[in-house]
Amino acid sequence: MSIHLDIRLKRANKVYYEGEVLAGVVVLVSKDAVQHQGISLTMEGIVNLHLSSKSVGVFEAFYNSVKPIQLISSNIEVAKAGKIPGGKTEIPFEFPLHSKGNKVLYETYHGVFVNIQYTMRCDVRRSLLAKDLSRTSEFMVHCQPQKAKLVPTAVDFTITPETLQNTHERSLLPRFLIRGHLDSTNCVISEPLTGEVVVENSQVPIKSIELQLVRVETCGCAEGYARDATEIQNIQIAEGDVCHGLSIPIHMVFPRLFTCPTLETTNFKVEFEVNVVIVLHDDHLITENFPLKLCRI
């Protein structure tokens, strides 16, 4: 006997704020009537912290600090033991979204070493001979937008062989001059990162100009921290030997789920950076790094 179980939230985009009510229906579809021992819903919000392979074993104290952090956990019974008739049955539910104790509901974020996830699980308990049914659905939590107005912080940059940091043989580098600006490093997460880059001159032809968005995740405690930077996305904004003196626009949209407002807590931090990468034809990589502060307004 096949039974289809599903959780449907009323909000199509599945985005909620703290204090709101998650409303929806539990849907059961079956050809015949089904006996059950009760139907329950569990809502959970968990921060999972992982250590990169290079950090494991470095700090003994890490193992206590990287335990999952529970932000929210509640359970309701949507139906007492009984029988569900054949066909389609919809059971409505409402769940208030409140954090556990004095915890803060951080924004949903899917990272590499830090993962903040909110899920709703429906369990249909059945008799010993029949298998219990379970269905999990993820929903998104956004932090409350800040009231204060965001002050844009424009950044101008000039890249020459002299401005590069990690070079051993500066004298062997080809000559180049690249200018540009980012309109703001204080970014609204729902709006694109904008700016421009101009190649004034370059001895060696340019192969490509790219924008690289990087997440910097820090996990740890008082004894020490493991800080890891990983790429979220890489966008090519120019290909080939671009015209010198031509303004090339910078435009990058922050991807949903993989970015969140910049976050700093006692056990972990989530920060973001952008790299402007110029690849020369001799495969020299020129990178200029800019820390970003993301927020929601």
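Trainee: What are the ground rules?
Mentor: This is a predicted model, where local features need pLDDT of at least 70, side-chain atom pairs count only at pLDDT 80 or more, and totals for chains, interfaces and linings use all residues. Residues are numbered from 1 along each chain as its sequence is written, and side-chain values use heavy atoms, leaving out hydrogens and water.

Trainee: What is the average pLDDT?
Mentor: The protein averages 91, and 94% of the residues score at least 70. pLDDT is the predictor's confidence in each residue, from 0 to 100.

Trainee: Where is confidence lowest, and where highest?
Mentor: Lowest in helix H1 (residues 62–65), at a mean of 57. Highest in strand E9 (residues 109–110), at 98.

Trainee: What about the radius of gyration?
Mentor: The protein has 25 Å, whereas a compact globule of 297 residues would have a value near 19 Å. The radius is taken over C-alpha atoms, and the globule rule is 2.2 Å times the number of residues to the power 0.38. Along the principal axes, the C-alpha atoms fill a box of roughly 80 × 45 × 40 Å.

Trainee: How much of the chain is buried?
Mentor: Buried residues make up 47% of the 297. Buried means under 20% relative accessible area, exposed over 50%, and partly exposed in between (1.4 Å probe, protein chains only).

Trainee: Let's switch to strands. Why call E10 largely enclosed?
Mentor: Because nine of the twelve residues of strand E10 (residues 114–125) are buried, the rest of the structure largely encloses it.

Trainee: Which strands does E10 pair with?
Mentor: Strand E5 (residues 38–49) pairs with E10 over twelve antiparallel bridges. Two strands pair if DSSP finds at least two bridges between them. Ile39 has Val124 in E10 as its bridge partner. E10 also runs antiparallel to strand E11 (residues 133–141), joined by seven bridges. There, Met120 stands opposite Ser137 in E11.

Trainee: And E9?
Mentor: E9 and E10 pair antiparallel over two bridges. A hairpin through three residues joins E9 to E10. Tyr109 has Ile116 in E10 as its bridge partner.

Trainee: What is the strand order in the open sheet of four strands?
Mentor: E12-E13-E15-E18, with antiparallel pairing. Strand E12 (155–159) and strand E18 (247–252) are the edge strands, each pairing on one side only.

Trainee: How does E18 join to E15?
Mentor: Six bridges connect E18 to strand E15 (residues 193–202), running antiparallel. Leu193 stands opposite Met252 in E18, and Glu196 has Pro249 as its bridge partner in E18.

Trainee: Which E18 residues are on the covered face?
Mentor: Ile248, Ile250 and Met252. Ser247, Pro249 and His251 make up the uncovered face.

Trainee: Last one. Where does Val29 lie?
Mentor: In strand E3 (residues 21–30). Val29 is partly exposed, with a relative accessible area of 33%.

Trainee: What is Val29 in contact with?
Mentor: Ser2, Ile3, His4, Gly87 and Lys88, leaving aside neighbours within four places in sequence. Contact means heavy atoms within 4.5 Å.

Trainee: How far is Val29 from Ala238?
Mentor: They are 209 residues apart in sequence and 52 Å apart in space, C-alpha to C-alpha.
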